[in-house]
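Colleague: Hello! Could you show me how to read a ligand site?

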Amino acid sequence: MLIRPAALEDAPAISAMLQELVAAGKRTARADADFVRTHYITGGLLCSVAVEGDEILGLQSLKRAEAGNPYDTPEGWGIIGTHVSPRAARKGVGRGLFAASLAAAEQAGLPAIEAYIQRSNTEGHGYYGAMSFRPWREDDKAIARRYDLT
Ligand SMILES: CC(C)(COP(=O)(O)OP(=O)(O)OC[C@H]1O[C@@H](n2cnc3c(N)ncnc32)[C@H](O)[C@@H]1OP(=O)(O)O)[C@@H](O)C(=O)NCCC(=O)NCCS
């Protein structure tokens with residue numbers, strides 16, 4: 001497995017991987033290639049993919065939170081999102097992706113990274129907990145976890 005920055009040409013393969021998550025009932029957000037290009041690949045600090053051969057196994061995006069972002073993440077923190085194919089789950093893909101994101105967060109001087117995770121998403125909480133993100137605020141839908149870099 002190789003972890004590398006996502007390229008615009010990866011958008012169709014990333015979209016196919018996200019469609020697998022939709023089919024498995026693990027995603028309700030858009031998964032088309034245009035959304036992948038604008039929401040994940042461009043505009044953030046780093047968008048990493050885990051690749052095996054021609055296949056995309058997973059994606060992690062790290063963005064700098066702007067004022068008024070949809071998650072209410074404090075401005076200047078990182079916002080992280082992780083999406084791993086159900087076929088590749090629990091094989092260390094997420095762990096490998098986070099190593100790359102953490103290095104990028106350190107390089108960018110982020111004070112903290114936040115993950116906004118639906119309350120019912122036990123695997124998401126298990127994963128981010130294992131990556132040392134701790135719960136620190138919640139609303140009716142989600143529990144947000146933070147990873148402090150300072
Ligand atoms: C959550 C998710 C990102 C985990 O990715 P992954 O590649 O399977 O994670 P890893 O194999 O690197 O696991 C790292 C650690 O996280 C924890 N973990 C991962 N999946 C878990 C699960 N289903 N239940 C409990 N803990 C879990 C474990 O501690 C694991 O270490 P271990 O396997 O040595 O015990 C992946 O399942 C996924 O994309 N799910 C759907 C989308 C999602 O929920 N995204 C995150 C919330 S926004």
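Colleague: Which residue has a polar backbone atom 2.8 Å from an oxygen atom of the ligand?

Modeller: Glycine 92 does, and glycine 94 also has one at 2.8 Å from a ligand oxygen. For arginine 90, a polar backbone atom is 2.7 Å from an oxygen of the ligand. A polar contact is a pair of N or O atoms within 3.5 Å. The protein covers 76% of the 910 Å² of accessible area that the ligand has on its own (Shrake-Rupley method, 1.4 Å probe).

Modeller: A word on the model: it is predicted, with pLDDT of at least 70 needed for local features and 80 or more for side-chain atom pairs, while totals for chains, interfaces and linings use all residues. Residues are numbered from 1 along each chain, and side-chain values use heavy atoms, without hydrogens and water.

Colleague: How many residues surround the ligand?

Modeller: There are 18, and the closest are Val84, Arg90, Gly94, Arg95 and Asn121; a residue counts if one of its heavy atoms lies within 4 Å. Helix H4 (122-130) gives the largest share of this shell, five residues.

Colleague: How is empty space found in general?

Modeller: A probe the size of a water molecule is rolled over the atoms, which shows where space is left. Here, a pocket is an open set of points on a 1 Å grid over the protein atoms alone, where a 1.4 Å probe fits, with protein on both sides within 12 Å along at least five of seven lines.

Colleague: What is the volume of the largest pocket?

Modeller: About 1,600 Å³, counted as the space filled by probe spheres set on the points. Of its 47 lining residues (an atom within 4 Å of a point), the closest to the centre include Gly81 and Tyr128. The ligand takes up the space of this largest pocket.

Key. A polar contact is a pair of N or O atoms within 3.5 Å; within protein, one must be able to donate a hydrogen and the other to accept it, and residues adjacent in sequence count only if both atoms are side-chain atoms. A molecule sits in a cavity or pocket if more than half of its atoms lie within 2 Å of its grid points. Helices (H or I, at least four residues) and strands (E, at least two) are DSSP runs, numbered from the N terminus.
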